[in-house]
Amino acid sequence: MPAATSTASEADADADAGPWRQEATDLVRAVSGGMLFGIPLLYTMEVWWIGSETQTPRMVGVLLFMFVPVFLLTRTAGFRTTKDIRWRDAVIDSVETVAIAVVSVFLLLVLLREITMATPLEEALGKIVYEATPFAIGSAIAQHVLRRGRAEGDDDSGGNDTADDEGLHATVVDVGATTIGAVFVAFNVAPTDEIPMLAAAMPAAWLIAMMGASLVISYCIVFVAGFSDQKRRHSQPGILQHPITETVASYLISLVVAGGMLWFFQRLATENPTSVTLSHVIVLGLPAAVGGAAGRLAA
């Protein structure tokens, strides 16, 4: 399918959706774009420290600094499927983009327990403002990232493949793409001290919540945000090609990759209890799952 036709079909489908559903899809796309762009910095303790020590006037300056590139990117890309963006609409969307980034980063920092009930308000705001900057930029270019569908590359088969062959091929491609994407992101986070630091602060219930959040985020990026040939993904044959099974299988692969990366960088001490090792893997599993989702979109 030519790219232009695919994009037009997606735009038509978006237009057919109700306004509230369309708005919800756009918001999910913005959050997903922010996750793809901002997840590595969320695991960087130096950014937490810088945010913690930032005074209010500088926070305002950072927000204004953030708004400029977000506005320029919204004029050319944005997170909506709307192509005709006037200056007034671009300003409104830019404000919305920054707000989405601030709220999303706040929830993620709570999930990572970098913001708790004991965190002073100014310290929490500083962390949010600094972490929200790359997140907002990712949201502002969400409409342009990973938009190409795999259908463009699948037409070489000549239409002779059976449903089983197509399902097997799609599964193999997804396994490989998830692994590569998870390695790409986890490789940069695994050797850092943030993983054991975050894991040490998380009780078992929190780790379960993190696993749930990783699954939901991965599902939304691939099957809700409308980044890449979403309808075809929903209809692909094969047991592992159902959205739920694909999401769970991809998350398990991401956990294996996370464990492998921790082992590679000698971050898994043999004397540690299994529960400690598992907590490290789950904490690294979130960025690995985001990378795995991005890998499947790009495959």
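Which helices do the buried residues of α3 pack against?

A: This is a predicted model, and what follows should be read with that in mind. The buried residues of α3 pack against α2, which spans 19–42, and also against α5, α6 (121–140) and α9 (194–200). Helix α3 itself runs over residues 45–52, and its buried residues are M45, V47, W48 and G51. These residues cover an arc of only 160° around the axis, which puts them on the same side of α3.

T25 has its place in helix α2, and it is buried, with a relative accessible area of 17%, because buried means under 20%. Leaving aside its neighbours within four places in sequence, T25 is in contact with V224 and A225. Helix α2 also holds both D26 and R29, which lie 3 residues apart, about one turn of the helix. An α-helix has 3.6 residues a turn, so residues three or four places apart point the same way. D26 and R29 form a salt bridge in which the closest N and O atoms are 2.7 Å apart, and D26 and R29 are both buried.

With a relative accessibility of 52%, L107 counts as exposed, and together with V103 and F106 it forms a nonpolar patch on the surface, the three having about 270 Å² of accessible area together.

As for the charged side chains, a search of the whole structure finds 5 salt bridges. One of them joins R267 and D193, whose side chains meet at 2.6 Å, N to O. That pair links distant parts of the chain, since R267 is in the loop between α12 (243–264) and α13 (274–298), while D193 is in the loop between α8 (163–189) and α9, 74 residues apart. R267 is partly exposed at a relative accessible area of 26%, and D193, at 45% relative accessibility, counts as partly exposed too.

Another salt bridge is formed by the side chains of E246 and R296, at 2.8 Å from N to O. Because E246 lies in helix α12 and R296 in helix α13, this pair ties together parts that are 50 residues apart in sequence. E246 counts as buried at 2% relative accessibility, and R296 is buried as well, with a relative accessible area of 1%. Finally, E114, E123 and K127 are linked in a network of salt bridges.

Methods:
Residues are numbered from 1 along each chain as its sequence is written. This is a predicted model: local features need pLDDT of at least 70, side-chain atom pairs count only at pLDDT 80 or more; totals for chains, interfaces and linings use all residues. Side-chain values use heavy atoms; hydrogens and water are left out. Patches are made of residues with over 30% relative accessible area and no salt bridge: like charges are joined within 9 Å, nonpolar side chains (Val, Leu, Ile, Met, Phe, Trp, Tyr) within 5 Å. Accessible areas come from the Shrake-Rupley method with a 1.4 Å probe; for residues, only the protein chains shown count as cover. A salt bridge is a side-chain nitrogen of Lys or Arg within 4 Å of a carboxyl oxygen of Asp or Glu. Buried means under 20% relative accessible area, exposed over 50%, partly exposed in between (1.4 Å probe, protein chains only). Helices (H or I, at least four residues) and strands (E, at least two) are DSSP runs, numbered from the N terminus. The arc is that of the directions from the helix axis to the C-beta atoms. Contact means heavy atoms within 4.5 Å.
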